[in-house]
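Keep the structure in view as you read.

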Amino acid sequence: MTSFSILLFSSQQIVLVVADDMNSSQAKLECYEASQKAFETMHVNLGKNGLGWGVESEQFTKNPDDALKYEGDKKAPAGIFRLSNIFGYAQKSNYNVPYLYTAKNLICIDDTHSNFYNQIIMAHGDEKSFEYMKRDDAQYKLGIVVDYNKKALKDRGSCIFMHIERAPNSTTVGCTSMSEKNIQKIANWLDKRKNPILIQIPKKSAKEVLKLYPQLKNSELLK
């Protein structure tokens with residue numbers, strides 16, 4: 001718990017996503033720096049099947065009927081996660097977070113049996129299951145890597161991002177999507193030095209979040 005405590009108390013930038021319940025495929029998003037809200041509240045899309053508690057959610061109380069996040073379940077992970085990288089189709093960037101250019105052979109491995117499970121790598125040519133980071137559409141034109149399941153626990157989910165929505169109100173297979181305008185705002189705002197994190201929860205966990213992060217006391221999403 002020591003490393004997690006350091007993560008908690010050193011996070012100056014928080015992206016907060018709150019859904020009505022575990023089955024919700026739509027949610028609201030707020031960004032905070034310390035106790036100050038950075039932007040207007042945004043609308044985001046979650047997994048087609050709602051939320052599943054992720055690996056990094058040990059500090060939250062779960063109901064017996066709450067789903068856990070697994071590979072291929074079309075659920076977005078609930079919990080607290082670092083935001084480590086920005087990625088996109090542009091070759092250069094001036095973001096304050098490390099940037100990954102999505103070259104055509106850059107892939108993310110979702111094969112639970114692979115030694116590279118849940119890693120973004122350059123394709124070797126023998127991968128069995130993966131997704132290209134350079135897509136034929138605009139969904140990955142700009143995105144943010146969510147450090148979900150960093151220990152790569154088998155079958156607990158992989159390749160989780162915040163990215164551009166396919167269409168307004170269009171659900172995902174496990175990521176968090178939004179308009180290009182809004183993800184551009186967040187990407188420009190993020191600063192690695194401020195240890196940005198994503199808190200993604202159902203509304204029932206609001207009180208637990210407020211105990212962990214009292215600086216969010218003014219959030220309308222947690223009331």
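The S-S bond of Cys108 and Cys159 has a torsion of about -100°, so this disulfide is left-handed. The model is predicted, so to speak of local features a pLDDT of at least 70 is needed, side-chain atom pairs count only at pLDDT 80 or more, and totals for chains, interfaces and linings use all residues. Residues are numbered from 1 along each chain as its sequence is written, and side-chain values use heavy atoms, with hydrogens and water left out.

**The disulfide**

A disulfide is a covalent bond between the sulfur atoms of two cysteines. Here the term is applied to a pair of cysteine sulfur atoms within 2.5 Å. How many disulfides does a search of the whole structure find? The search finds one. Cys108 and Cys159 form it, with an S to S distance of 2.2 Å. The pair links distant parts of the chain, 51 residues apart. Cys108 sits in strand β8 (residues 106-109). Cys159 lies in the loop between β11 (142-146) and β12 (161-164). Helices (H or I, at least four residues) and strands (E, at least two) are DSSP runs, numbered from the N terminus.

Are Cys108 and Cys159 buried or exposed? Both are buried. Buried means under 20% relative accessible area, exposed means over 50%, and partly exposed is in between (1.4 Å probe, protein chains only).

Cys31 counts as buried because its relative accessibility is 2%. Cys175 is buried too, with a relative accessible area of 5%.

**Two loop residues**

Thr112 is in the loop between β8 and β9 (120-122). Why does Thr112 count as buried? Its relative accessible area is 18%. Which residues does Thr112 touch, leaving aside neighbours within four places in sequence? Its contacts (heavy atoms within 4.5 Å) are Glu71, Tyr117, Lys154 and Asp155.

Lys192 belongs to the loop between α2 (180-189) and β14 (197-202). Lys192 is exposed, at 55% relative accessible area. Leaving aside neighbours within four places in sequence, Lys192 contacts Asn96, Val97 and Pro98. Pro98 is 94 residues from Lys192 along the chain, yet their C-alpha atoms are separated by 7.7 Å.
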